[in-house]
Amino acid sequence: MFITFEGIEGSGKSTQITKLAEHLRTQGKGVATTFEPGGHALGKALRAMLLDPANKDLSPRAELFLYLADRAQHLAQVVRPALNEDIVVLCDRFADSTTAYQGYGRGVDLGELRAVNAMAVDGLWPDLTLLLDLPPDVGLKRAFSRNIADGTAATEGRFEAESLAFHTRVREGYLALAALNKDRFRIVDASRPPDEVFGDVRLIVDKYLAG
Ligand code: TYD
């Protein structure tokens, strides 16, 4: 079973993934948690390249192909092998991030993007996608305070430095994707405290697993 978590910066994906992994493990399930970009051995360099603010001149298409290369390798090296062993894979961001950020955010043509995204995914779409939805101003505030707590400069990270308008387009992109893919998307209100959000996440996943 392949579950992806999506949402703008500061939506709390990694906290929810940690909680869900713990919950599923207490039910005796094998669980692997992973992330994009960079969730595989070769991914560290790609992640650094993609997120380094010094690379602000990276063209939208070059950026797109780096994310797709990262995804193709991540699938081959991490996700598919785990799914073949019947392990539940919880992934922080996947192909929907590319549509939301490179498509709705950067303005890459959505039709072209659909084709290349499908090529990278190679038929392996998530069973379930949890969209942690919240207003971008709330998410960005959270992301900045997290960066300060981490000792990372508030302006560090190419995407955190993008405008509120950019993140608003990304959020709208996610909501459009959720409306188009109702079978696998579930929208969760992520503006609430983490435990409340997790209450919904757990219910959704338990219900899905119960069939
Ligand atoms: P990360 O630090 O993992 O952010 P977050 O904690 O919000 O998930 O950085 C990942 C960034 O990469 C994030 O800003 C979204 C962006 N991204 C894309 O633009 N396209 C993609 O296909 C993926 C996977 C991520």
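Me: Which element gives the largest share of the shell around the ligand?
Reply: Helix α4 does, with 4 residues. Helices here are DSSP runs of H or I of at least four residues, strands are E runs of at least two, and both are numbered from the N terminus.

Me: What sort of model is this?
Reply: A predicted one: local features need pLDDT of at least 70 and side-chain atom pairs pLDDT 80 or more, while totals for chains, interfaces and linings use all residues. Residues are numbered from 1 along each chain as its sequence is written, and side-chain values use heavy atoms, without hydrogens and water.

Me: How many residues surround the ligand?
Reply: 15, with E9, K13, R93, T98 and Q102 the closest; the cut-off is a heavy atom within 4 Å.

Me: Which side chain has a polar atom 2.8 Å from a ligand oxygen?
Reply: That is R93. R71 has a polar side-chain atom 3.1 Å from a ligand oxygen, and for an N or O atom in the side chain of Y67 the distance to a ligand oxygen is 2.9 Å.

Me: And how much of the ligand's accessible area does the protein cover?
Reply: 91% of the 540 Å² that the ligand has on its own, by the Shrake-Rupley method with a 1.4 Å probe.

Me: Switching to helix packing. At what angle do α3 and α4 cross?
Reply: Roughly 175°, with the axes of α3 (residues 60-84) and α4 (residues 95-105) coming within 11 Å. That makes the two roughly antiparallel, a label for angles over 145 degrees.

Me: Which residues make that contact?
Reply: From α3, E63, L64, Y67, L68 and R71; from α4, A95, T98 and Q102. Contact means heavy atoms within 4.5 Å.

Technical notes
Axes fitted to C-alpha atoms, helices over the stretch in contact; angles between N-to-C directions. Parallel < 35°, antiparallel > 145°, perpendicular 65-115°, else oblique. Polar contact = N/O pair within 3.5 Å; in protein donor to acceptor, adjacent residues only side chain to side chain.
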